[in-house]
Amino acid sequence: MEKVAYLGPEGSYSQLAAQKMRPLANHIAKPSFYKVIEALVNCECDCAVLPIENSLNGAVLANIDLLQNTKNIAATEEYTLELDHRLATLNGADLGGISCIYSHEQPLAQCSEYLLKNFPSAKLIAMPSTAASLEMVKSDTEAAIVGAHVKKEGITLSPRNISDFQQNRTHFLLIKRGEADKNIKTGKIFFSVTCRHSSGALLDILEPMRAGGLNMTKIQSRPIKNSEGEYRFFIEVEGDYSSEKVRKILGGVKDSSMSFCLLGAY
């Protein structure tokens with residue numbers, strides 16, 4: 001049976017995404033995204049699920065770095081998960097007495113207006129995952145932010161989504177060992193580039209895509225560590241990687257850049 005690694009423990013949004021993407025697989029929880037990728041590299045699993053971008057908070061930068069810095073892995077599929085954040089408390093707890101709220105840093109940020117309005121004095125504590133935060137709720141003064149799909153005896157979830165914006169989505173990628181397969185049709189291609197630190201250098205990289213008709217769906221800059229003032233650009237375009245024409249266009253991008261790394265095709 002196929003094995004899929006995800007950020008645990010059970011009940012996390014990553015597990016929900018893994019179940020949606022690979023419903024029949026054996027799902028393996030790991031304590032951090034680093035450990036998720038480590039399991040993939042060490043052949044403990046066949047693939048891994050990583051959140052890569054949230055519609056409210058933008059790119060999950062640590063995971064982009066993992067994808068960039070880990071050799072011989074590539075994204076092969078994408079999935080967009082609708083997030084539904086709920087406040088979790090012990091059954092019968094008085095919300096007026098809540099003084100400490102746990103969750104992953106992303107939900108804490110995505111519910112910041114709600115938390116400031118309803119719990120202005122509460123201490124907000126970031127946890128490795130939403131599921132891990134639920135394990136911290138042991139008294140009537142503690143709460144957590146988890147997904148609406150979470151069920152646990154003795155825990156009550158708020159009746160409504162507490163996100164500041166109801167349309168809250170996270171984009172996940174399925175990661176496998178090896179390079180992107182040029183024999184499989186795809187709709188999008190994800191890669192990174194660096195360019196010269198000079199006027200028009202980025203335009204030179206983008207020009208082959210314009211000339212070739214590749215539509216860019218996103219671009220994200222990221223500082224290069226230990227190289228002050230230098231940036232790496234992460235770019236996603238619409239395109240079929242199995243097309244020789246598309247690969248030739250990407251070759252033009254590579255030729256115009258200082259470095260080029262194909263991160264996936266899906």
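Start by selecting Leu67: setting aside neighbours within four places in sequence, Leu67 is in contact (heavy atoms within 4.5 Å) with Ile73, Leu173, Ile175, Phe190 and Leu263. Before going on, note that this is a predicted model, where local features need pLDDT of at least 70, side-chain atom pairs count only at pLDDT 80 or more, and totals for chains, interfaces and linings use all residues. Residues are numbered from 1 along each chain as its sequence is written, and side-chain values use heavy atoms, with hydrogens and water left out.

Buried means under 20% relative accessible area, exposed over 50%, and partly exposed in between (1.4 Å probe, protein chains only).

Helices (H or I, at least four residues) and strands (E, at least two) are DSSP runs, numbered from the N terminus.

**Helix H7**

Next, select residues 201-212, helix H7, and highlight its buried residues Ala201, Ile205, Pro208 and Met209. Look down the axis: the buried residues fall within an arc of 100° (taken from the directions from the helix axis to the C-beta atoms), so they line one face of H7. Which exposed residues sit on the face turned away from the buried side of H7? Those are Leu203, Arg210 and Ala211.

Following H7 is Gly213, with a positive phi near 80°.

Most residues other than glycine have a negative phi, and most peptide bonds are trans. With that in mind, go to Gly8 and Pro9, which are joined by a cis peptide bond with omega about 5°. Pro9 sits in the loop between E1 and helix H1 (13-21).

Then jump to Asn72, in the loop between H3 and E5. Its phi is positive, near 60°, though Asn72 is a residue other than glycine. Cys43, in the loop between H2 and E3, also isn't a glycine, and has a positive phi of about 65°.

**Cysteines**

Stay on Cys43: is this residue buried or exposed? Cys43 is exposed, with a relative accessible area of 53%. Its sulfur is 8.5 Å from the closest cysteine sulfur, in Cys45, too far for a bond. Cys195, by contrast, is buried at 9%, and its sulfur is 16 Å from the closest one, in Cys261, again too far for a bond. Counting a disulfide as a pair of cysteine sulfur atoms within 2.5 Å, the total is zero.

**Last stop: Ser163**

At 5% relative accessibility, Ser163 counts as buried. Show its surroundings: leaving aside neighbours within four places in sequence, Ser163 is in contact with His85, Gln110, Cys111 and Asn168.
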